[in-house]
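Here is a short briefing on one structure. Keep the view open as you read, and find each residue as it comes up.

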Amino acid sequence: MTDVSLIPVKTRILTDKDDVFAVMDEYVKDQIGPDDAVSIAESVLAIIQGRIVRPEDLKPCFLARTLCMFIPEGGSLATPYGMQSLMDVEGKWRVAGAFIAGAVMKVLGKPGWFYRLGGEQTALIDDVTCTMPPFDKHIVYGPDKPFEVAREIKRRLGCYGAVVADVNDLKRARIVSHTDGMNPALVSHLLIDNPFGNASQKTPIVIIKNYAKLREQMPAKAAADN
Amino acid sequence: MLEFLCFVAALIVLAVVAFKLYCIRLGKSVPVIYTDRRTEFKATEFKEKSMTVACEMPYMNTGKVLCTMMDCFARVQLPQEQFKGVRILARVEREGERRDDGYFEAVLMPAQKGGKLIVTLDLEVQNDDVLETLLAMPDVNVDIFYQIVDKESLYIDKRRIVLTAREVREAIEAKGAMMDND
(Lines give C-alpha, C1' and ligand atoms only; values in the text may rest on other atoms or scores of the structure.)
Protein backbone atom coordinates (compact mmCIF):
# COMPACT_ATOMS: atom_id res chain seq x y z
CA MET A 1 0.00 0.00 0.00
CA THR A 2 1.30 3.47 -0.86
CA ASP A 3 2.48 5.51 2.06
CA VAL A 4 0.18 8.52 2.02
CA SER A 5 0.93 11.23 4.52
CA LEU A 6 -0.73 14.50 5.40
CA ILE A 7 1.46 17.55 5.91
CA PRO A 8 -0.30 20.49 7.57
CA VAL A 9 1.26 23.73 6.36
CA LYS A 10 1.66 26.44 8.95
CA THR A 11 1.01 29.95 7.71
CA ARG A 12 0.59 33.40 9.15
CA ILE A 13 -3.00 34.50 9.71
CA LEU A 14 -4.32 34.97 6.20
CA THR A 15 -6.59 37.92 5.45
CA ASP A 16 -8.31 39.58 2.54
CA LYS A 17 -5.02 41.36 1.87
CA ASP A 18 -3.54 38.04 0.74
CA ASP A 19 -3.75 36.33 -2.63
CA VAL A 20 -4.46 32.61 -2.52
CA PHE A 21 -2.09 31.79 -5.36
CA ALA A 22 0.72 33.86 -3.85
CA VAL A 23 0.09 32.05 -0.56
CA MET A 24 0.44 28.70 -2.32
CA ASP A 25 3.68 29.85 -3.94
CA GLU A 26 5.01 31.05 -0.59
CA TYR A 27 4.09 28.10 1.60
CA VAL A 28 3.45 25.07 -0.60
CA LYS A 29 5.40 25.20 -3.86
CA ASP A 30 8.67 23.93 -2.39
CA GLN A 31 7.03 20.99 -0.62
CA ILE A 32 4.75 19.58 -3.26
CA GLY A 33 5.39 17.20 -6.15
CA PRO A 34 3.47 15.87 -9.15
CA ASP A 35 2.09 12.91 -7.17
CA ASP A 36 0.80 15.09 -4.35
CA ALA A 37 -2.45 16.92 -3.82
CA VAL A 38 -3.17 20.03 -1.83
CA SER A 39 -6.23 21.03 0.14
CA ILE A 40 -7.17 24.41 1.51
CA ALA A 41 -9.77 25.15 4.17
CA GLU A 42 -12.88 26.68 2.61
CA SER A 43 -13.33 29.29 5.35
CA VAL A 44 -9.76 30.51 4.93
CA LEU A 45 -10.20 30.74 1.16
CA ALA A 46 -13.39 32.72 1.73
CA ILE A 47 -11.60 35.06 4.13
CA ILE A 48 -8.81 35.62 1.59
CA GLN A 49 -11.53 36.44 -0.96
CA GLY A 50 -12.98 38.99 1.46
CA ARG A 51 -16.22 37.07 1.82
CA ILE A 52 -16.86 38.07 5.40
CA VAL A 53 -19.34 40.37 7.06
CA ARG A 54 -19.78 41.66 10.58
CA PRO A 55 -23.20 41.04 12.13
CA GLU A 56 -23.26 44.72 13.07
CA ASP A 57 -23.24 45.59 9.38
CA LEU A 58 -26.38 43.57 8.63
CA LYS A 59 -29.95 44.70 9.09
CA PRO A 60 -32.02 41.54 9.49
CA CYS A 61 -35.43 41.78 7.84
CA PHE A 62 -38.64 40.45 9.34
CA LEU A 63 -38.37 37.27 7.31
CA ALA A 64 -34.82 36.58 8.53
CA ARG A 65 -35.88 37.19 12.13
CA THR A 66 -38.79 34.80 11.68
CA LEU A 67 -37.11 31.96 9.81
CA CYS A 68 -34.06 31.80 12.08
CA MET A 69 -36.36 30.86 14.94
CA PHE A 70 -36.93 27.48 13.30
CA ILE A 71 -33.25 26.63 12.80
CA PRO A 72 -31.84 24.47 15.61
CA GLU A 73 -29.54 26.44 17.92
CA GLY A 74 -25.89 26.25 17.12
CA GLY A 75 -26.56 26.27 13.38
CA SER A 76 -25.00 29.09 11.40
CA LEU A 77 -28.43 30.26 10.26
CA ALA A 78 -29.95 30.19 13.73
CA THR A 79 -29.54 33.92 14.31
CA PRO A 80 -31.20 36.73 12.36
CA TYR A 81 -27.74 37.84 11.23
CA GLY A 82 -26.74 34.44 9.89
CA MET A 83 -30.08 34.10 8.09
CA GLN A 84 -29.85 37.63 6.69
CA SER A 85 -26.34 36.94 5.40
CA LEU A 86 -27.76 33.98 3.49
CA MET A 87 -30.66 36.05 2.12
CA ASP A 88 -28.23 38.72 0.96
CA VAL A 89 -26.38 36.26 -1.28
CA GLU A 90 -29.05 33.75 -2.28
CA GLY A 91 -32.08 35.99 -2.34
CA LYS A 92 -34.75 36.54 0.26
CA TRP A 93 -37.55 34.77 -1.57
CA ARG A 94 -35.44 31.83 -2.67
CA VAL A 95 -34.52 31.23 0.96
CA ALA A 96 -38.14 31.64 2.06
CA GLY A 97 -39.32 29.24 -0.64
CA ALA A 98 -36.64 26.71 0.24
CA PHE A 99 -37.62 27.01 3.87
CA ILE A 100 -41.28 26.29 3.19
CA ALA A 101 -40.45 23.42 0.84
CA GLY A 102 -37.91 22.10 3.35
CA ALA A 103 -40.47 22.23 6.14
CA VAL A 104 -43.03 20.33 4.05
CA MET A 105 -40.47 17.69 3.06
CA LYS A 106 -39.34 17.35 6.65
CA VAL A 107 -42.91 16.69 7.73
CA LEU A 108 -42.99 14.01 5.02
CA GLY A 109 -39.90 12.45 6.55
CA LYS A 110 -37.35 13.77 4.05
CA PRO A 111 -35.11 16.27 5.85
CA GLY A 112 -32.34 18.33 4.24
CA TRP A 113 -34.31 19.92 1.42
CA PHE A 114 -33.91 23.45 2.78
CA TYR A 115 -30.17 23.11 2.34
CA ARG A 116 -30.56 21.67 -1.16
CA LEU A 117 -32.97 24.31 -2.41
CA GLY A 118 -31.66 27.34 -0.56
CA GLY A 119 -28.50 27.71 -2.62
CA GLU A 120 -24.95 26.52 -2.13
CA GLN A 121 -24.24 29.12 0.56
CA THR A 122 -26.90 27.58 2.81
CA ALA A 123 -24.49 24.90 3.95
CA LEU A 124 -21.32 26.97 3.66
CA ILE A 125 -21.97 30.03 5.78
CA ASP A 126 -20.13 30.01 9.10
CA ASP A 127 -21.58 32.11 11.89
CA VAL A 128 -19.53 34.01 14.47
CA THR A 129 -17.14 31.89 16.57
CA CYS A 130 -16.74 29.39 13.75
CA THR A 131 -13.46 30.81 12.52
CA MET A 132 -10.12 31.80 13.99
CA PRO A 133 -9.50 35.23 15.53
CA PRO A 134 -9.71 37.92 14.32
CA PHE A 135 -12.53 36.52 12.17
CA ASP A 136 -14.37 34.93 15.10
CA LYS A 137 -16.55 38.05 15.22
CA HIS A 138 -17.49 37.76 11.54
CA ILE A 139 -19.92 35.71 9.52
CA VAL A 140 -17.89 33.92 6.84
CA TYR A 141 -19.52 32.99 3.54
CA GLY A 142 -18.50 30.04 1.43
CA PRO A 143 -15.74 30.72 -1.10
CA ASP A 144 -16.35 32.23 -4.51
CA LYS A 145 -15.65 30.08 -7.59
CA PRO A 146 -14.10 27.23 -5.59
CA PHE A 147 -13.72 24.93 -8.61
CA GLU A 148 -11.88 27.58 -10.60
CA VAL A 149 -9.62 28.31 -7.65
CA ALA A 150 -8.81 24.61 -7.19
CA ARG A 151 -8.00 24.25 -10.89
CA GLU A 152 -5.72 27.29 -10.88
CA ILE A 153 -3.93 26.10 -7.73
CA LYS A 154 -3.28 22.74 -9.40
CA ARG A 155 -2.01 24.41 -12.57
CA ARG A 156 0.33 26.75 -10.75
CA LEU A 157 1.75 24.14 -8.40
CA GLY A 158 1.99 21.39 -10.99
CA CYS A 159 0.60 18.90 -8.50
CA TYR A 160 -1.78 15.99 -9.04
CA GLY A 161 -4.82 17.82 -7.75
CA ALA A 162 -6.34 20.35 -5.41
CA VAL A 163 -9.43 20.47 -3.23
CA VAL A 164 -11.25 23.04 -1.17
CA ALA A 165 -12.45 21.34 1.99
CA ASP A 166 -14.77 22.14 4.86
CA VAL A 167 -13.46 20.12 7.79
CA ASN A 168 -14.15 20.36 11.48
CA ASP A 169 -13.33 18.57 14.70
CA LEU A 170 -16.71 16.81 14.72
CA LYS A 171 -15.50 14.23 12.21
CA ARG A 172 -17.06 16.04 9.29
CA ALA A 173 -15.05 16.56 6.11
CA ARG A 174 -16.92 17.96 3.14
CA ILE A 175 -15.17 18.52 -0.16
CA VAL A 176 -16.50 21.81 -1.52
CA SER A 177 -14.63 21.62 -4.82
CA HIS A 178 -11.95 19.52 -6.45
CA THR A 179 -9.99 19.17 -9.63
CA ASP A 180 -10.32 16.34 -12.13
CA GLY A 181 -8.89 13.09 -10.86
CA MET A 182 -9.51 13.81 -7.21
CA ASN A 183 -11.94 11.48 -5.46
CA PRO A 184 -13.99 13.56 -2.99
CA ALA A 185 -14.96 10.54 -0.89
CA LEU A 186 -11.35 9.43 -0.58
CA VAL A 187 -10.09 12.92 0.25
CA SER A 188 -12.88 13.35 2.77
CA HIS A 189 -11.83 10.09 4.39
CA LEU A 190 -8.19 11.23 4.51
CA LEU A 191 -9.09 14.58 6.08
CA ILE A 192 -11.67 13.28 8.56
CA ASP A 193 -9.39 13.80 11.59
CA ASN A 194 -9.07 17.48 10.72
CA PRO A 195 -5.37 17.87 9.96
CA PHE A 196 -6.09 21.58 9.53
CA GLY A 197 -6.10 21.65 13.32
CA ASN A 198 -7.71 24.31 15.41
CA ALA A 199 -7.46 28.03 14.92
CA SER A 200 -4.34 28.59 16.97
CA GLN A 201 -2.41 26.02 14.96
CA LYS A 202 -2.76 28.17 11.84
CA THR A 203 -2.51 25.30 9.34
CA PRO A 204 -5.17 26.11 6.72
CA ILE A 205 -3.40 24.12 4.00
CA VAL A 206 -2.73 20.39 4.01
CA ILE A 207 -0.53 18.61 1.49
CA ILE A 208 -1.56 15.02 0.74
CA LYS A 209 1.70 13.32 -0.19
CA ASN A 210 1.58 10.48 -2.72
CA TYR A 211 -2.13 10.92 -3.38
CA ALA A 212 -1.73 9.94 -7.05
CA LYS A 213 -0.22 6.59 -6.17
CA LEU A 214 -2.99 5.87 -3.70
CA ARG A 215 -5.53 6.83 -6.34
CA GLU A 216 -3.96 4.43 -8.84
CA GLN A 217 -4.31 1.58 -6.36
CA MET A 218 -8.01 2.17 -5.90
CA PRO A 219 -10.37 -0.36 -7.44
CA ALA A 220 -11.77 0.53 -10.83
CA LYS A 221 -15.23 0.86 -9.38
CA ALA A 222 -14.14 3.61 -7.01
CA ALA A 223 -12.48 5.43 -9.87
CA ALA A 224 -15.66 5.17 -11.87
CA ASP A 225 -17.60 6.64 -8.96
CA ASN A 226 -15.46 9.74 -9.10
CA MET B 1 -65.83 37.60 -0.93
CA LEU B 2 -66.08 39.09 2.55
CA GLU B 3 -66.16 35.62 4.03
CA PHE B 4 -63.01 34.70 2.15
CA LEU B 5 -61.21 37.82 3.38
CA CYS B 6 -62.28 37.04 6.93
CA PHE B 7 -60.98 33.52 6.50
CA VAL B 8 -57.60 34.79 5.27
CA ALA B 9 -57.41 37.33 8.11
CA ALA B 10 -58.23 34.62 10.61
CA LEU B 11 -55.50 32.41 9.16
CA ILE B 12 -52.96 35.24 9.45
CA VAL B 13 -53.95 35.95 13.04
CA LEU B 14 -53.76 32.27 13.84
CA ALA B 15 -50.28 32.01 12.29
CA VAL B 16 -49.05 35.05 14.23
CA VAL B 17 -50.43 33.70 17.50
CA ALA B 18 -48.95 30.25 16.82
CA PHE B 19 -45.56 31.80 16.04
CA LYS B 20 -45.64 33.91 19.20
CA LEU B 21 -46.52 30.85 21.28
CA TYR B 22 -43.71 28.93 19.59
CA CYS B 23 -41.25 31.72 20.45
CA ILE B 24 -42.43 31.79 24.05
CA ARG B 25 -42.00 28.03 24.30
CA LEU B 26 -38.54 28.30 22.69
CA GLY B 27 -37.47 30.81 25.32
CA LYS B 28 -34.75 33.43 25.34
CA SER B 29 -31.10 33.66 26.21
CA VAL B 30 -30.34 35.47 29.44
CA PRO B 31 -26.62 36.08 29.75
CA VAL B 32 -25.61 37.22 33.22
CA ILE B 33 -22.28 38.39 34.58
CA TYR B 34 -22.42 37.98 38.32
CA THR B 35 -20.55 41.08 39.42
CA ASP B 36 -21.95 40.62 42.91
CA ARG B 37 -20.14 37.30 43.14
CA ARG B 38 -16.74 38.56 42.09
CA THR B 39 -13.71 37.61 44.12
CA GLU B 40 -11.54 40.21 45.86
CA PHE B 41 -8.96 41.96 43.70
CA LYS B 42 -5.61 40.37 44.55
CA ALA B 43 -2.16 41.50 43.46
CA THR B 44 -0.68 39.28 40.77
CA GLU B 45 2.42 41.28 39.90
CA PHE B 46 4.51 44.14 41.25
CA LYS B 47 6.96 46.17 39.22
CA GLU B 48 8.99 49.26 40.07
CA LYS B 49 6.20 51.68 39.24
CA SER B 50 3.18 49.49 38.75
CA MET B 51 1.02 46.90 40.36
CA THR B 52 -1.30 44.39 38.72
CA VAL B 53 -4.47 43.18 40.42
CA ALA B 54 -7.04 40.68 39.21
CA CYS B 55 -10.38 39.27 40.23
CA GLU B 56 -12.70 36.57 38.91
CA MET B 57 -16.43 36.57 38.43
CA PRO B 58 -18.79 33.93 37.09
CA TYR B 59 -20.92 34.35 34.00
CA MET B 60 -23.74 32.18 32.78
CA ASN B 61 -26.53 31.99 30.26
CA THR B 62 -29.49 31.47 32.57
CA GLY B 63 -31.94 31.39 29.66
CA LYS B 64 -33.26 28.55 27.54
CA VAL B 65 -31.45 29.14 24.23
CA LEU B 66 -27.87 29.58 23.16
CA CYS B 67 -26.28 32.98 22.74
CA THR B 68 -22.82 34.20 21.82
CA MET B 69 -20.68 36.61 23.78
CA MET B 70 -19.00 38.38 20.88
CA ASP B 71 -16.80 40.65 22.94
CA CYS B 72 -16.16 41.67 26.49
CA PHE B 73 -13.96 44.46 27.75
CA ALA B 74 -13.46 46.59 30.81
CA ARG B 75 -13.45 50.37 30.90
CA VAL B 76 -11.92 52.11 33.88
CA GLN B 77 -13.80 55.16 35.07
CA LEU B 78 -11.08 57.12 36.81
CA PRO B 79 -10.94 60.61 35.31
CA GLN B 80 -7.94 62.81 36.03
CA GLU B 81 -10.29 65.30 37.63
CA GLN B 82 -10.82 62.70 40.32
CA PHE B 83 -7.33 61.27 40.65
CA LYS B 84 -4.28 62.01 38.57
CA GLY B 85 -1.52 59.80 39.94
CA VAL B 86 -2.37 56.44 38.39
CA ARG B 87 -3.19 55.29 34.90
CA ILE B 88 -5.13 52.02 34.85
CA LEU B 89 -5.19 49.59 31.93
CA ALA B 90 -7.84 46.90 32.02
CA ARG B 91 -8.42 43.62 30.23
CA VAL B 92 -10.94 40.80 30.45
CA GLU B 93 -10.15 37.15 29.76
CA ARG B 94 -11.90 33.86 30.19
CA GLU B 95 -10.69 31.28 32.66
CA GLY B 96 -8.88 28.59 30.73
CA GLU B 97 -8.41 30.91 27.74
CA ARG B 98 -5.79 33.33 29.03
CA ARG B 99 -4.15 35.52 26.40
CA ASP B 100 -1.35 38.09 26.29
CA ASP B 101 -2.93 40.37 23.71
CA GLY B 102 -6.06 41.73 25.36
CA TYR B 103 -8.21 40.13 22.65
CA PHE B 104 -11.48 38.55 23.70
CA GLU B 105 -12.38 35.63 21.49
CA ALA B 106 -16.11 35.26 20.82
CA VAL B 107 -17.58 32.42 22.86
CA LEU B 108 -20.76 30.38 22.62
CA MET B 109 -22.91 30.38 25.74
CA PRO B 110 -25.24 27.37 25.71
CA ALA B 111 -28.30 27.51 27.95
CA GLN B 112 -27.50 27.02 31.63
CA LYS B 113 -23.76 27.03 30.92
CA GLY B 114 -21.10 29.57 31.79
CA GLY B 115 -17.63 30.07 33.10
CA LYS B 116 -15.48 32.66 34.78
CA LEU B 117 -14.22 36.00 33.60
CA ILE B 118 -10.92 37.32 34.87
CA VAL B 119 -10.61 41.09 35.09
CA THR B 120 -7.02 42.31 35.28
CA LEU B 121 -6.06 45.88 36.06
CA ASP B 122 -2.55 47.27 35.57
CA LEU B 123 -2.09 50.24 37.90
CA GLU B 124 0.73 52.39 36.49
CA VAL B 125 1.87 55.12 38.85
CA GLN B 126 2.64 58.37 37.03
CA ASN B 127 5.07 59.84 39.58
CA ASP B 128 7.94 58.69 41.82
CA ASP B 129 5.89 58.38 45.01
CA VAL B 130 4.65 54.94 44.10
CA LEU B 131 3.49 53.66 47.46
CA GLU B 132 1.95 56.93 48.59
CA THR B 133 0.11 57.36 45.32
CA LEU B 134 -1.33 53.85 45.34
CA LEU B 135 -2.42 54.22 48.95
CA ALA B 136 -4.13 57.51 48.13
CA MET B 137 -6.19 56.03 45.33
CA PRO B 138 -9.96 56.33 45.65
CA ASP B 139 -12.42 53.55 44.89
CA VAL B 140 -12.36 53.05 41.11
CA ASN B 141 -15.41 52.13 39.07
CA VAL B 142 -14.77 49.60 36.33
CA ASP B 143 -17.48 48.98 33.74
CA ILE B 144 -17.60 45.54 32.15
CA PHE B 145 -19.08 45.84 28.66
CA TYR B 146 -20.23 42.76 26.78
CA GLN B 147 -21.72 42.27 23.36
CA ILE B 148 -24.27 39.52 22.87
CA VAL B 149 -25.84 38.06 19.75
CA ASP B 150 -28.71 35.60 20.02
CA LYS B 151 -31.83 34.51 18.15
CA GLU B 152 -33.44 37.89 18.63
CA SER B 153 -30.88 40.64 18.52
CA LEU B 154 -27.38 41.94 18.90
CA TYR B 155 -26.79 44.27 21.79
CA ILE B 156 -24.21 45.65 24.18
CA ASP B 157 -24.80 45.65 27.91
CA LYS B 158 -22.62 46.56 30.86
CA ARG B 159 -22.14 45.80 34.52
CA ARG B 160 -20.07 47.68 37.07
CA ILE B 161 -17.53 46.50 39.57
CA VAL B 162 -15.49 48.63 41.95
CA LEU B 163 -11.81 48.30 42.73
CA THR B 164 -11.86 49.57 46.29
CA ALA B 165 -9.14 51.54 48.03
CA ARG B 166 -9.21 48.83 50.69
CA GLU B 167 -8.35 46.14 48.15
CA VAL B 168 -5.43 48.19 46.85
CA ARG B 169 -4.21 48.81 50.39
CA GLU B 170 -4.50 45.13 51.29
CA ALA B 171 -2.66 44.10 48.14
CA ILE B 172 0.19 46.43 49.10
CA GLU B 173 0.17 45.14 52.67
CA ALA B 174 0.29 41.56 51.40
CA LYS B 175 3.28 42.48 49.28
CA GLY B 176 4.91 44.09 52.34
CA ALA B 177 4.24 40.99 54.44
CA MET B 178 5.75 38.81 51.72
CA MET B 179 8.89 40.99 51.65
CA ASP B 180 9.11 40.86 55.46
CA ASN B 181 8.96 37.08 55.33
CA ASP B 182 11.69 37.03 52.69
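Which residue in β7(B) does B:Val53 stand opposite? The residue opposite B:Val53 is B:Leu121. Keep in mind that this is a predicted model.

**Strands around β7 of chain B**

- Strand β3 (residues 50-61) and strand β7 (residues 114-125) of chain B pair in the antiparallel sense. The pairing runs over 11 bridges.
- Strand β5 (residues 86-94) of chain B also pairs with β7(B). That pairing is antiparallel and covers nine bridges.
- B:Leu121 stands opposite B:Val53, and B:Ala90 stands opposite B:Leu121 as well.

**One residue in β3: B:Glu56**

- B:Glu56 sits in strand β3 of chain B.
- B:Glu56 has 17 other C-beta atoms within 10 Å, so it counts as partly exposed.
- B:Glu56 and B:Thr120 are 64 residues apart in sequence. In space, their C-alpha atoms are 8.9 Å apart.

**An open sheet in chain B**

- Four strands of chain B form an open sheet in the order β6-β4-β8-β9, with antiparallel pairing.
- Strands β6 and β9 (154-163) stand at the edges. Each has a single partner strand, so one side of each is left without a neighbour in the sheet.
- From one strand to the next, the twist averages 35°.
- β4(B) and β6(B) are joined by three bridges. B:Thr68 has B:Leu108 in β6(B) as its bridge partner.

**Helix α1 of chain B**

- α1(B) has 25 residues. At 1.5 Å a residue they should span 36 Å, and the end C-alpha atoms are 36 Å apart, which agrees.
- Is this helix buried or in the open? The number of buried residues in α1(B) is zero, so the helix lies largely in the open.
- B:Gly27 follows α1(B) and has a positive phi, near 90°.

**Where the chains meet**

- The contact takes 16 residues from chain B and 14 residues from chain A.
- On the side of chain B that touches chain A, α1 (2-26), β4 (67-77) and β6 (107-109) each give two or more residues.
- β4(B) gives the largest share of that side, three residues.
- That side of chain B divides into 11 nonpolar residues, one polar and four charged.

**Two packed helices in chain A**

- Helix α4 (residues 80-90) and helix α5 (residues 92-107) of chain A pack at an angle of about 115°. Their axes are 6 Å apart.
- A:Leu86, A:Met87 and A:Glu90 in α4(A) meet A:Lys92, A:Arg94 and A:Val95 in α5(A).
- The residues of this contact divide into three nonpolar, no polar and three charged.

**Backbone details in chain A**

- The peptide bond from A:Pro133 to A:Pro134 is cis, with omega near 5°. A:Pro134 lies in the loop between α6 (113-117) and β4 (139-140) of chain A.
- A:Thr129 lies in the loop between α6 and β4 of chain A. Its phi is near 80°, a positive value in a residue other than glycine.
- A:Asn210 is in the loop between β7 (205-209) and α9 (211-217) of chain A. The phi of A:Asn210 is positive, near 65°.

Note on methods. Residues numbered from 1 in each chain as written. Chains lettered and ligands numbered in written order. Predicted model: local features only at pLDDT ≥ 70, side-chain atom pairs only at ≥ 80, totals over all residues. Contact = placed C-beta atoms within 7 Å. Nonpolar A, V, L, I, M, F, W, Y, C, P; charged D, E, K, R; others polar. Axes fitted to C-alpha atoms, helices over the stretch in contact; angles between N-to-C directions. Pairing = 2+ DSSP bridges. Expected span 1.5 Å × (residues − 1). Buried ≥ 20, exposed ≤ 12 C-beta atoms within 10 Å, placed from the backbone.
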